[in-house]
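A careful reading in running paragraphs would be welcome.

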Amino acid sequence: MSIQRFGILLFGVLFLFCVGTAAAEPQMHLQTGTAWLVAGSDGTSTVTSTVTDSDGAPLAGQSVAFSCDPALGTVSPSTLTTGTDGTATATFRAGTRSGTATITATSGYLDENDVPQTVSSSCDQMIDHATPYRLAALEYESEITVGSTTAIVLAMEDRYGNRVDARKVAETVRFQVGSPGGRAGTSDGSDYADDVVLPVDGNGDVTADFRADQTAGENIVYVSFPGTIPAATLTIYGLGNAAAASMTSSVAPYADPVPWVPADGASRFTITYTLKDAYGNPAGGRAIHVETSLSDEDPKVLTSNSDGIVMFTYGPKESTGTVTITASLKDDPSVTCSQTVEFTNTAPVNMLLSANPQSMPSRDVKDDMTAEIRAKVMDEKGNRVMGETVTFSLSSINTAGYTATTPPELVEASATTDGDGYAVVHFRPGAFTRDPSDPAYSNTATGTCEVVAVWGDVSRTLPLTWKNYPYLSVSTAVDPETVEVNGTVNVTLALKGDGWALQPDPIDVVLVVDRSGSMLYDNPDRMHSVREAAKQFVGSMSSDRDRVAVVSFGRNGYISRPGSSSGISTSYINNNYVCPVTYSDYATVDSDLSSDAAAVDTTLDSLVPDHGTPMRHGLYKSVSELVSDGRDDAVKAIVLLSDGDYNWYGDPLARGYQGSSTPTYYNDPDSRYYYYSGLSHAEQNMATYALDHDIKIYSIGYADSISSGGRSTLRTLAETTGGKYYDGDAANINEVYSQIAGDLKTEAGVDTMMDLSFENVEVNGVSVPGDDVFAYQYIPGVSTNIASWIDNETGHYDPVPLHTEDQTADWEDDQSLHFAIGTVRLGQTWTTSYTLTVLKDGNINVFGPGSTISFNGGAESLTLPDTFLTAVPDLNSTGIMNATLDLVEPLQRVGSGPVTDFLKVGWQLNYTGNYTATQWLSYSTDRGKTWTPFLTMTPRPAGERDEVASLDIRSLAAGRYLVRVDATAPDTRSDRIQLIDEITVGDLQSNKIRLE
């Protein structure tokens with residue numbers, strides 16, 4: 001064994017070193033004598049340090065220093081010298097902190113170069129927590145949905161604040177559960193039971209997975225702790241707010257098979273839906289979607305109260321009918337429930353009488369003519385009443401001054417009101433003589449009578465008129481017929497040029513067709529398109545009263561083959577034109593005025609185009625034909641078509657100066673014109689020549705090759721004579737000819753005016769100022785819209801396309817709507833629709849007594865038929881009516897300073913229902929984990945908006961208090977508010993219960 005020397009050296013920190021000759025590093029081993037100590041127990045453990053040389057021989061006299069974390073314990077003495085056995089023994093005393101105390105022993109020595117070195121060794125002393133003393137943490141949800149789970153997490157500590165963990169021994173906590181249905185429990189990891197013992201984990205936590213009972217109510221969890229911790233009772237409320245699995249409904253008043261109330265404007269239904277979850281508990285706080293079968297009622301989303309109830313009222317109504325109310329769960333629409341209710345009529349008290357039409361042709365004019373007489377029986381609210389018998393008769397029949405061959409009659413003498421409340425019979429007008437030799441014959445014979453409707457003690461009369469001469473007819477409609485006050489109605493009127501006995505005047509018309517060379521252009525060529533459209537025009541004329549002539553203008557002389565220099569194939573010409581042909585003049589009357597449509601068509605097919613455009617001469621020949629052969633009682637017209645600017649014979653309007661007798665010389669539009677010796681100077685203008693003989697010119701500029709000056713000439717020719725100008729092409733030429741044909745038909749009514757007066761309106765048989773009854777509404781695209789169309793033997797077209805006009809200024813001026821309709825032709829329908837807001841309830845005759853339709857310069861007039869609507873108060877406001885309940889934030893303390901006897905809180909409650917709301921107040925001293933009810937109260941009287949309540953704390957422990965308010969009512973959802981901040985009550989320092 002080598003000899004070492006030891007000494008003491010100082011390197012910043014004082015160490016004891018072994019002084020001697022250089023040697024190998026000493027060895028050190030440290031151990032404790034006790035595996036576990038308990039914090040705060042003052043328990044000790046022996047700490048032994050052994051120092052040896054490299055061969056394992058003890059080193060005596062070696063200085064050893066001991067150290068450890070003072071928070072965990074102390075080593076005493078802290079410095080020792082090893083004895084002959086090489087050991088140094090100290091005592092470790094545990095502190096109040098649990099954990100692992102690492103104890104270190106250190107010794108110094110000099111190496112072979114006399115350089116100071118150290119050697120050390122460590123060991124761990126385990127310190128367990130002391131006896132469980134109190135709860136360190138307790139977290140859980142105090143309110144959960146029935147049947148659902150939540151975690152109860154707790155931690156314990158000893159009196160020194162050490163966490164009770166499972167490092168030495170795993171203490172256990174016992175959970176015992178009681179519940180309304182006995183089905184609550186905590187989990188042991190495999191199943192739920194009502195008595196479970198669970199250990200703490202390595203972190204000192206105990207986690208119990210708690211499942212609430214399937215029945216709503218309190219679940220009591222009794223928790224037993226080890227050590228001196230007192231048992232705790234936890235209350236976990238199972239709330240009835242699970243997803244609804246079923247929904248049932250009830251209605252009051254109830255009747256089988258359909259519940260009903262009178263449509264009296266006061267009676268309501270109360271509809272109650274009960275929502276339950278899968279376990280049969282009330283499903284509170286669940287949303288349902290409720291809608292009705294009425295399209296004008298908005299659906300609503302309503303929420304069940306804490307009892308799973310959704311209650312609302314429906315109605316009242318002042319119109320009869322059935323309504324189906326359907327509710328479905330918002331989060332599961334498959335759960336649904338429907339209820340049908342009915343609003344029934346009250347006792348019948350009123351009757352309205354109307355006829356359609358009121359004015360009609362006599363039976364000698366229209367043998368199958370009938371008018372529909374309608375008596376509507378209603379209750380006091382204007383609702384239709386079915387099953388009532390109404391009798392009808394005629395009185396005051398007057399055909400004075402005329403020979404009546406057949407009296408008027410009713411087809412039926414009585415009728416029973418139908419589902420719409422109408423009793424309907426039919427009236428046949430009388431007939432007048434058609435013998436012109438009869439001294440009392442008149443072509444303007446008129447008869448009148450009154451139709452009398454009797455129902456019980458109620459009698460109504462209505463005048464009827466029949467005539468044997470033509471006139472316009474009018475029909476009216478109002479939609480809807482029943483409307484709520486402040487609602488809108490659309491009123492529609494239609495005038496028809498049907499004029500039962502109306503026959504148009506005969507027509508004498510000349511088709512003037514350009515046969516210049518350019519008419520061969522296009523494919524198919526222009527002449528082909530024009531003559532096919534012209535033949536359609538001819539076909540629209542009446543064969544027994546109308547006549548058509550054909551005049552064409554172009555080459556004078558022989559045409560062997562048209563378009564010979566144009567490159568058009570010979571086969572095409574041969575298939576479409578009859579050649580050769582010779583024309584005797586630059587303009588020729590190819591067919592005299594004739595009613596033989598086939599012959600006129602043949603003439604059109606024989607036209608052969610070639611060379612210039614002597615339009616002036618064609619017009620001269622056309623006017624002259626009508627002057628010499630036109631009938632005095634006929635509508636006379638010329639339809640002129642050209643695809644180019646005029647040339648030979650010069651300007652048709654004679655705007656240049658008189659030239660010589662060579663027609664081809666005048667091919668300059670601004671130069672001279674050919675002078676017709678048989679006409680006056682003014683009539684050298686072909687427009688004047690036509691106008692002087694009541695001839696209208698309709699002109700068609702065909703193709704884009706016409707200059708602007710040429711089109712202007714065609715337009716002037718037409719508009720000067722009262723005709724029209726058209727741009728034509730292959731695509732629209734058929735339509736152009738059809739429109740001209742329709743325009744030539746005799747007008748059924750000219751200068752037609754309609755004045756709708758609302759200055760006074762009849763409401764329930766009493767005249768009321770119109771501005772108290774109606775307000776006009778301008779709605780772009782809707783009101784007032786106007787349109788007109790013609791459907792007759794010439795086809796269909798729209799002289800007045802659908803458009804909207806703003807008549808606000810017209811209405812505000814005199815509470816009237818004025819319509820300058822103009823001409824209504826045979827087969828034409830003119831219609832308008834406008835919107836009115838209804839301001840007053842009652843049975844309203846839509847048109848005031850000053851409303852008239854006049855035509856033919858005011859010589860003829862029409863009376864608008866009685867047209868009724870029924871207005872009732874506010875239908876839309878009487879649908880689904882759900883109350884509201886709101887606890888208005890915030891709930892707050894009333895007053896200030898220390899709370900020594902009463903804790904006073906205030907809040908606001910808004911409740912709009914018809915029941916009594918109930919409010920429950922509770923307090924909590926454990927930050928909302930457990931709530932103790934202390935007061936049940938109803939809302940304060942109306943007008944006292946603020947709610948106030950007091951908690952008597954004189955017998956309660958000091959602490960930090962929360963207060964909450966729950967409110968509910970049968971007919972609305974529940975609500976809750978809570979103090980935002982805890983309020984300190986009493987002296988916390990004197991409170992022995994730990995509050996942290």
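In which loop does proline 253 lie? Proline 253 lies in the loop between β22 (246–252) and β23, where helices (H or I, at least four residues) and strands (E, at least two) are DSSP runs numbered from the N terminus. The model is a predicted one, in which local features need pLDDT of at least 70 and side-chain atom pairs count only at pLDDT 80 or more, while totals for chains, interfaces and linings use all residues. Residues are numbered from 1 along each chain as its sequence is written, and side-chain values use heavy atoms, with hydrogens and water left out.

The peptide bond that leads from alanine 252 into proline 253 is cis, with omega near 0°. Another cis peptide bond joins serine 783 and threonine 784, with omega about 0°, and threonine 784 is found in the loop between β55 (774–777) and β56 (785–792). Most residues other than glycine have a negative phi, and most peptide bonds are trans. Aspartate 42, although it is not a glycine, has a positive phi of about 65°, and its place is in the loop between β4 (36–38) and β5 (44–52).

The loop that holds proline 253 runs on to β23, and strand β23 (residues 260–262) pairs with strand β29 (residues 336–344) in the parallel sense over three bridges; two strands pair if DSSP finds at least two bridges between them. In this pairing proline 262 stands opposite threonine 344 in β29. Strand β29 also pairs with strand β28 (residues 321–329), here in the antiparallel sense and over eight bridges, with serine 328 opposite threonine 336. A hairpin of six residues joins β28 to β29.

Once its neighbours within four places in sequence are left aside, glutamate 157 is in contact (heavy atoms within 4.5 Å) with residues including Tyr133, Arg134, Asn162 and Arg163.

Aromatic rings form a further theme. A search of the whole structure finds 19 aromatic pairs, a pair being rings of Phe, Tyr and Trp (its six-membered ring) with centres within 6.5 Å, where planes under 30 degrees apart count as stacked, over 60 as edge-to-face and the rest as tilted. Tyrosine 923 and phenylalanine 934 form a tilted pair, with 6.1 Å centre to centre and 45° between the planes. Tyrosine 923 lies in strand β67 (residues 918–924) and phenylalanine 934 in strand β68 (residues 932–937), so the pair ties together parts that are 11 residues apart in sequence. Tyrosine 923 is buried at 13% relative accessibility, whereas phenylalanine 934 is partly exposed at 22%.

Ring pairs also link Tyr586, Tyr620, Trp648, Tyr649, Tyr674, Tyr676 and Tyr689 into a cluster. Within this group, tyrosine 649 lies in the loop between β49 (635–642) and α5 (686–691), is buried at 5% relative accessibility, and has a positive phi of about 75° although it is not a glycine. Elsewhere, the charged end of arginine 374 sits over the ring of tyrosine 422, 3.9 Å from its centre, and arginine 515 lies over the face of tyrosine 583 at 3.5 Å from the ring centre; a charge sits over a ring if NZ of Lys or CZ of Arg is within 6 Å of the ring centre and within 35 degrees of the ring normal.

The chain as a whole has eight helices and 72 strands. Its radius of gyration, taken over C-alpha atoms, is 55 Å, well over the 30 Å that the globule rule gives for 996 residues, so the chain is more spread out than a compact globule; that rule is 2.2 Å times the number of residues to the power 0.38. Along its principal axes the C-alpha trace spans about 170 × 90 × 50 Å.

How values were computed:
Buried means under 20% relative accessible area, exposed over 50%, partly exposed in between (1.4 Å probe, protein chains only).
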